Protein chains: 2
Amino acid sequence: MEREKVISRLTNLGNEIINEIHKHETPKMHIPQRGLSNVHFNEKRNILELGDKKSTRSFLNIAHARKFMQTILIASKCKELVSRNKTASIRELYYQLKHTIADTKENTFDDQSESDPLIVDLETMLGVLREELHLKADDKGTLIGKIVIEDSGDLIDCSKLGRSGLSIPSIVEHYKFKKVEADYVLVIETGAMFDRLVEEKYHLKNNCIMVSAKGQAARGCRRLVHRLNHDLKLPVIAFTDGDPWGYYIYSVLKAGSMALAHESRRLGTPKIKFVGMTMTDIKEYGLEKVTEKLKDLDKKRISELLQYPWFQKKEWRHELELMKRMGVRIEQQALASKSLEFVAEEYLPEKIGKKELLP
Amino acid sequence: MEREKVISRLTNLGNEIINEIHKHETPKMHIPQRGLSNVHFNEKRNILELGDKKSTRSFLNIAHARKFMQTILIASKCKELVSRNKTASIRELYYQLKHTIADTKENTFDDQSESDPLIVDLETMLGVLREELHLKADDKGTLIGKIVIEDSGDLIDCSKLGRSGLSIPSIVEHYKFKKVEADYVLVIETGAMFDRLVEEKYHLKNNCIMVSAKGQAARGCRRLVHRLNHDLKLPVIAFTDGDPWGYYIYSVLKAGSMALAHESRRLGTPKIKFVGMTMTDIKEYGLEKVTEKLKDLDKKRISELLQYPWFQKKEWRHELELMKRMGVRIEQQALASKSLEFVAEEYLPEKIGKKELLP
């Protein structure tokens, strides 16, 4: 979204409130509800979405007045950030706005836990991403491969970054994709497996872009993967551990998360596919000796996933039920038991070549 | 250390054991003890060091035999890795070595917790870094600024990486420093503060290299900082939160850690200095309103630091005792309460310019 459009949405919010004051009405805002009862899975689009339920926040309601004031402060600071083309972390935003209100002993904010949820209110109310409000969360993740990215005037050839790769920042809205020679994107759960594939030059030999999520993917990483798929039409394939946590990392990349259902359309990548580790890999590749027994917490998580609407595809029910029955999990790095090169020279090229991918 | 030298140390270990067998002696290894009783602070060098106490591991001692076998397996695999010029994560090493011993029901390793400490045994016994044995831990951290690094044949100009920066890998032994125009290195605790300084172009305006540690610095990050100081003679300045956790991050960068005392000489940077946040900053810059109350865990940690020999310099005793007395901590990002630009345009240039640095 253009900066001008974000500013105009923020300005409209302010104008509506001014109008209400002029008309001697209660100034109010209408905020989409984010509770589970207002989150649903859109099967057609394959993403989690927010429903239509809204709450009203009124300035003249004593239970709402403080939050109303805080929301306006945040909106006003975001307008300043976007206008000045500056960004701030959500922690900096809190510090920037924290002060004692003149002639009172009242602080605008006492703790960051007061400002964080109001940022999400603003995002959903205006239909803009946090990143478009110029607010940053933590960054995490690395990218390497055949793509040239323009970042703030610098042309970065991501295939010429040795074994190091590009650090994915928390905001990637300003990235311009210049020259793209890759055939697909491989998103890898663990940093160690990413390192292995970099060492084997997998990205060069297989003409792909590799992204290391380092656990649950950060927002910047999810947005980048979305953009690589959406803007460049590159297929995306995920490679995680074979356990409920890895499968959930995949599902967040694909369909979005419950907490951020309002942003699934811009953070999720519904067309992403899954290469492994699957439970069927264990027998197929003779990995029985390097599985690990499920712990109670794993078992509980499997049962939870089996209840999520977006895990009802038969392939995923099959994997999860097989995992339960076999009582084991398997890590990406367990492939090293065959040989260090196995994952790069056999496992991935074979499965991707034969399109043995889960939906 | 050259690969040949590492291989020869590993070969010598094997040869000694073969000689003992030929002489009908018990094959044995002598391993430096790593308990606290064998760690001391070298005040002259300003680093934590391992003492001379050793333990003996004998093959014919039933309590040692399994560990002896495992240590030899690890040494042998490391020799293979170094010879083939491959690296492996410590998890991959475990998977590579895990198997059932022929004609028995005995596994070589049952869990990674068996192999990890033996890797450290091997490091200390041979006097080589884990990275020199071609073993990797997790990577973390980002670098940006006026330095050209050669990484695996690629020349990376780290001042041309937009706002993204270079992802610091877990092994940086292969980095060659080509063109260095920076005057110093600034190591920053949090990713958010690093982002702030990148946005303000602090590294370009102040001609420095910036490194984001993202919390406690990973080994690759510590080794890189050490090399920038040791090989290039660049001064290094640390910038952390004003709390016992930030101060400890600084002390690990400087003097090394107790658990890795055997590697302080190559991972520590004794000449590093500290710019902030200090307790005196609070009054100096009028930050009283944006401090946070110490929690019990913070207070306990302060008392612990006050007992460490390497926190006995008067400047550090002063800071820690002041923190205790004031009962507050202060974050890097609290500087945003002045203005977003304050840290980059006033705080850091002023303090670094006036050399207001702690030892």
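Within chain A, 17 residues of domain 1 are in contact with 19 residues of domain 2, two residues being in contact if their C-beta atoms, placed from the backbone, lie within 7 Å. On the side of domain 1 of chain A that touches domain 2 of chain A, β2 (39-42), β3 (47-50) and α4 of chain A each supply at least two residues. Helices (H or I, at least four residues) and strands (E, at least two) are DSSP runs, numbered from the N terminus. With 4 residues, β3(A) gives the most to this side of domain 1 of chain A. Domain 1 of chain A spans 3-136 and domain 2 spans 142-353, with bounds that come from an automatic or database domain assignment. Their C-alpha centres lie 33 Å apart.

The model is predicted: local features need pLDDT of at least 70, side-chain atom pairs count only at pLDDT 80 or more, and totals for chains, interfaces and linings use all residues. Residues are numbered from 1 along each chain as its sequence is written, while chains are lettered from A and ligands numbered from 1 in the order in which they are written.

Helix α4 of chain A, residues 112-126, includes Leu118(A). Leu118(A) is buried, because 21 other C-beta atoms lie within 10 Å; a residue is buried if 20 or more other C-beta atoms lie within 10 Å of its own, exposed if 12 or fewer, and partly exposed in between, with C-beta atoms placed from the backbone. Apart from neighbours within four places in sequence, Leu118(A) is in contact with Lys67(A), Gln70(A), Thr71(A) and Ile74(A). Val225(A) is 107 residues away from Leu118(A) along the chain, and the C-alpha atoms of the two are separated by 27 Å.

In chain A, an open sheet of 3 strands has the order β9-β8-β11, with antiparallel pairing. Two strands pair if DSSP finds at least two bridges between them. Strands β9 and β11 (176-180) of chain A stand at the edges with a single partner strand each, so one side of each is left without a neighbour in the sheet. Neighbouring strands of this sheet are turned by 25° against each other on average, direction ignored; the axes are lines fitted to C-alpha atoms, for helices over the stretch in contact, and angles run from 0 to 180 degrees between N-to-C directions. Strand β8 (residues 147-151) of chain A pairs with β11(A) over 3 bridges in the antiparallel sense, and the bridge partner of Ile147(A) in β11(A) is Val180(A).

Chain B also has an open sheet of 3 strands, in the order β9-β8-β11 and with antiparallel pairing. Its edge strands are β9 (154-157) and β11 (176-180) of chain B, each of which pairs on one side only. Strand β8 (residues 147-151) of chain B is joined to β11(B) by 3 bridges, and Ile147(B) has Val180(B) as its bridge partner in β11(B).

Parallel pairing is found elsewhere in chain B. Strand β12 (residues 184-188) of chain B runs parallel to strand β14 (residues 236-239) of chain B, and 4 bridges join them. Here Val236(B) in β14(B) is the bridge partner of Val185(B). β14(B) also pairs in the parallel sense with strand β15 (residues 273-276) of chain B, over 3 bridges, where Ile237(B) stands opposite Lys273(B) in β15(B).

The contact between the chains takes 40 residues from chain A and 40 residues from chain B. On the side of chain A that touches chain B, β5 (88-89), α3 (90-97), β9 (154-157), β10 (166-167) and α5 (191-199) of chain A each supply at least two residues. The largest share of this side of chain A, 5 residues, comes from α5(A). By class, this side of chain A divides into 12 nonpolar, 13 polar and 15 charged residues.

Helix α3 (residues 90-97) of chain B is mostly covered, with 6 of its 8 residues buried. These are Arg91(B), Glu92(B), Leu93(B), Tyr94(B), Tyr95(B) and Gln96(B). The buried residues of α3(B) pack against α5 of chain A and, within chain B, against α2 (65-84), β5 (88-89), α4 (112-126) and β6 (135-136).

The same surface serves both copies, as 98% of the contact residues of chain A recur in chain B.

Terms used. Nonpolar A, V, L, I, M, F, W, Y, C, P; charged D, E, K, R; others polar.
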